[in-house]
Amino acid sequence: MKLDILAFGAHPDDVELGCGATIAKEIANGKKVGVIDLTRGELGTRGSADIRDIEAANAGKILGVSVRENLAFADGFFLNDKEHQLEIIKMVRKYQPDVVLCNAIDDRHIDHGKGSKLVSDACFLSGLLKIETKIENTVQEKWRPKQVYHYIQWKNIEPDFVVDVSNFIEKKTEAILAYTSQFYDPKSNEPETPITSRNFIDSVNYRARDLGRLIGVEYAEGFTTERFVAVDSLDDLI
Ligand SMILES: [Zn+2]
């Protein structure tokens, strides 16, 4: 199945937090979107890999994604090496996305910057004819996405462009709240972490609100690019 957009996240919930509203908007506009989680988030302080599998499936359904897969890399310890790049290349060639979304280029959690570079490098390598990959015993065709964009996570990174997601922030919030084990829950007896605070979950909303303020809409999500943003016409900018 060819997808228009393939979103990668180091952990289940990264995609929802970073670009859930943009994905919901693209799907509403008829795009086919898939999500690939690199790890099962087994090192997360709260919940467990099994719980997070269920939460990720529920969140994906809420957003309306066409596919969601988990590569089960080692949380915290996966590397940007040939073995891991080949696994990503297989996914890129399998789904042939025009646009790839991936983790923030630099962040508090080491897996985010690492996952970002891993996916970006694999997207380049995926376009090289002489790298042979097989899926279900069939040799895959080379494929390089037209664009790789990085969403923004914990750290405040200046976006290169922002997407107006005013009508989709509620859908994003609903998808995030599908991860019931992970975020602010006054009834939880599990240990506190930076992402279980009330302030963190509020920050996802207030960053979107602030980016929206800066472009004159209610809510926006920001992304960084690896090269200049090109337009056909000056009218393309809103
Ligand atoms: Zn993460």
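Rings of Phe, Tyr and Trp (the six-membered ring of Trp) are taken as a pair if their centres lie within 6.5 Å, with planes under 30 degrees apart called stacked, over 60 edge-to-face and the rest tilted. On this basis Tyr149, Phe161 and Phe223 form one aromatic cluster. The model is a predicted one, in which local features need pLDDT of at least 70 and side-chain atom pairs count only at pLDDT 80 or more, while totals for chains, interfaces and linings use all residues. Residues are numbered from 1 along each chain as its sequence is written, and side-chain values use heavy atoms, with hydrogens and water left out.

Five aromatic pairs are found in the structure. Tyrosine 149 has 17% relative accessibility and counts as buried, a term for under 20% relative accessible area, against over 50% for exposed and partly exposed in between (1.4 Å probe, protein chains only).

Turning to the metal site, the zinc ion is coordinated by His11 (ND1), Asp14 (OD), Asp14 (OD) and His112 (NE2) at 2.1 to 2.8 Å. Donors here are N, O and S atoms within 2.8 Å of the metal (3.2 Å for Na, K and Ca), and sites may look incomplete since water is not among the atoms. Along the chain the donors follow the spacing H-x2-D-x97-H.

Strand E2 (residues 33-39) is mostly covered, with seven of its seven residues buried. E2 pairs with E1 in the parallel sense over five bridges, where pairing requires at least two DSSP bridges between two strands. Phenylalanine 8 stands opposite isoleucine 36 in E2. E2 also pairs with strand E3 (residues 67-73), again parallel and over five bridges, and threonine 39 stands opposite phenylalanine 73 in E3.

Notes
Helix = DSSP H or I, 4+ residues; strand = E, 2+ residues; numbered from the N terminus.
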